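The sequence and structure are shown below.

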Amino acid sequence: MTASTHFQILIEKNQAKLSARRKVTNAAMLALTGLMTLLALVPLFWIVGYVIYKGGQYINLDFFINLPRPLGMEGGGVRHAIEGTLVITALAAVFAVPPGILAAFYAARYPNTPLGIALRFSTDVLSGVPSIVIGLFAYAIIVKPMGNYSALAGGLAMAFLMLPTIIRTTEEMIKLVPHNLREGSLALGAAEWKTSISVLFPAALNGIVTGFLLALARAAGETAPLLFTALGNERYDIRTIINNGIAQKQGVFQILGRIVDQPADSLPLTLWKYAQMPYPERVAQSWAVALVLMILVLLVNIFARLWVESRKRRLQG
Amino acid sequence: MNITIETQTQLTATAMAENKMEVRDVNVHYGKFQALTDINMTIAANKITAIIGPSGCGKSTLLRSFNRMNDLVGNARVDGQILLDGADINAAGVDVVDVRRRVGMVFQRPNPFPKSIYDNVAYGPRLYGIRRKSDLDDLVEKSIKQAALWDEVKDKLHQSGLSISGGQQQRLCIARALAVEPEVILMDEPASALDPISTLRIEELMQELKKNYTILIVTHNMQQAARVSDYTAMMMIDDRRAGMVIEFDETKNIFTRPKDKRTEDYVTGRFG
């Protein structure tokens, strides 16, 4: 009894002091975490703000629709790089999406088979390979045998880069689909492939698309894999290729072939080249290129969000 | 509409037969583990048969043997015979798709597909090659009506199946199962995730459905088994943890004068 009253007296005596200290500590920690949050936001806003500031000075409609002018001349644009980026990422998507998604379905359904284990292991390895090594590989298997640099080789290098992300996110998304949806379909007599296409794929589609766009955004911003594949091409001009093709009465596939079979530029590649040129005009343009790249990635993300949200609303009713 | 004609002739043929399904000396193993041991029971046509028993006694495993859903578990092995209209559903040459069309299933949690109400119900018929819109419309309407859901969803057939309440979703899943015109419906605790009012509606629906279908239900809820079923199988695990049927009888006998002491203890709530 004495001990407990003794403690009670002590506690009461300390109460006021302790309570004040707790409040101070709480306020200090809150201030610290808040401050660090602000600090973490600084680089984000700094980068975005600085690119907008530096790039915005140069950007105008001409910059999007014109090809580069000869060195030392004012004006000109980077349409060649925008077109090249679109062609290369489109090729990458065409190469990476079908095998990536199908492989992910296999791995999600048969995770513990030798093939499933091998897939998971190799996606881990592939996602850790430096992108420049992937570019070198694409050089060896496409550029050398074909004898020229091309958008095709760039697209393939990008596809290798996207593949692990697509496989892993798709696999995770399929695994998140409730087990009883799959059983519901199978119990109606549907085959496994039918269940995968008609039930699992639609149920996982939001996540699959999100993963695909993350991969796409990452690929669109990569420079290294294009250095010895797409190489760069200041005269890359799809409109001229198409017009020439039509004038020469070429078929659609021939024209498409021409578009992918020549060296192409991309926004990051152009940025990298312009930034190290001894012409102030080009250096200024490289900031504008950075801004265009950022806007492009942002647009892709916004579209993806809107699409996913509207689909969610439609499915949840 | 080939399915309809076929099913109707089958129905008239089987209405004569007293037993729709029969289980003979069935043992189920998962790898080395024995999940069910020496199961013998008969499933009377146009009746409701309940399977009760404590958790983990193999009720669901047994239920899933009736439409070969155990096939999906890689290392599962079913020995013995499960007869549907006298033919073994596990025999070589039997198409599992055909078994699952004739023996439909409703799950514990409502599992509508992320599609419209209409497409959920039309999913099964489409699998069996029914494509004509008028045929599908008829089947969808008929099935949803049979599942006592029509008045609630007739104006929103093209809204998502996930937009309706849990109880409605479960009736949608019943409609989906009915749309392929099965002969037997397996229900794995179909009301355990639902509120009492939705549960009551499902139970009333079962009484209505048994006029045309044979129903097998697994339930944890003893009152539910007593209320809805005509026959009850009481399951228990033996000392090797394998499930077995310890008593199988008319429901009123199981609940009023059980022969086995363990059944009595279970249905009176003394354990389990």
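Which handedness does the crossing of helix 11 of chain A and helix 12 of chain A have? The crossing of these two helices of chain A is left-handed. The model discussed here is a predicted one.

## Overall form of chain A

The secondary structure of chain A consists of twelve helices and zero strands. Read along the sequence, the pattern of chain A is accordingly written α-α-α-α-α-α-α-α-α-α-α-α. The radius of gyration of chain A is 27 Å, well over the 20 Å given by the globule rule for 317 residues, so chain A is more spread out than a compact globule. Along the principal axes, the C-alpha trace of chain A spans about 105 × 65 × 40 Å.

Chain A is divided into domain 1, covering 1–56, and domain 2, covering 61–316. The centres of domain 1 of chain A and domain 2 of chain A, taken over C-alpha atoms, are separated by 44 Å. Contact between them involves five residues of domain 1 of chain A and five residues of domain 2 of chain A. On the side of domain 1 of chain A that touches domain 2 of chain A, two residues are nonpolar, two are polar and one is charged.

## Helix packing in chain A

Two packed helices are described by the angle between their axes and the distance between the axes. For helix 11 (residues 267–275) of chain A and helix 12 of chain A, the axes come within 8 Å and cross at roughly 160°. Helix 11 of chain A and helix 12 of chain A are therefore roughly antiparallel to each other, an angle over 145 degrees being counted in that class.

Helix 11 of chain A contributes A:Leu267, A:Pro268, A:Thr270, A:Leu271, A:Tyr274 and A:Ala275 to this contact. From helix 12 of chain A come A:Arg282, A:Val283, A:Gln285, A:Ser286, A:Val289, A:Ala290, A:Val292 and A:Leu293. By class, the residues of the contact of helix 11 of chain A with helix 12 of chain A comprise ten nonpolar, three polar and one charged.

A second pair in chain A is formed by helix 3 (residues 79–109) and helix 6 (residues 151–176), whose axes come within 6 Å and cross at roughly 35°. Helix 3 of chain A passes helix 6 of chain A in a right-handed crossing. The contact of helix 3 of chain A with helix 6 of chain A has 23 nonpolar, six polar and two charged residues.

## Overall form of chain B

Chain B has eleven helices and ten strands. The radius of gyration of chain B is 18 Å, close to the 19 Å that the globule rule gives for 272 residues, so chain B is as compact as a globular protein of that length. Taken along the principal axes, the C-alpha atoms of chain B fill a box of roughly 55 × 45 × 35 Å.

## Helix packing in chain B

In chain B, the axes of helix 4 (residues 117–127) and helix 5 (residues 133–146) come within 9 Å and cross at roughly 110°. That angle makes helix 4 of chain B roughly perpendicular to helix 5 of chain B. The crossing of helix 4 of chain B with helix 5 of chain B is right-handed.

On helix 4 of chain B, B:Tyr118, B:Val121, B:Ala122 and B:Pro125 meet B:Leu136, B:Leu139, B:Val140, B:Ser143 and B:Ile144 of helix 5 of chain B. The residues of this contact in chain B divide into eight nonpolar, one polar and no charged.

## Contact between the chains

How many residues does the contact take from chain A and from chain B? Chain A supplies 18 residues and chain B supplies 21 residues. On the side of chain A that touches chain B, helix 7 (179–187), helix 8 (192–220) and helix 12 (280–316) of chain A each provide at least two residues. Helix 7 of chain A gives the most to that side, with six residues. By class, the side of chain A that touches chain B has ten nonpolar, five polar and three charged residues.

Notes:
Residues numbered from 1 in each chain as written. Chains lettered and ligands numbered in written order. Predicted model: local features only at pLDDT ≥ 70, side-chain atom pairs only at ≥ 80, totals over all residues. Contact = placed C-beta atoms within 7 Å. Helix = DSSP H or I, 4+ residues; strand = E, 2+ residues; numbered from the N terminus. Nonpolar A, V, L, I, M, F, W, Y, C, P; charged D, E, K, R; others polar. Axes fitted to C-alpha atoms, helices over the stretch in contact; angles between N-to-C directions. Parallel < 35°, antiparallel > 145°, perpendicular 65-115°, else oblique. Left-handed = near helix turned anticlockwise from the far one by under 90°. Domains from an automatic or database assignment. Rg over C-alpha atoms; globule rule 2.2 N^0.38 Å.
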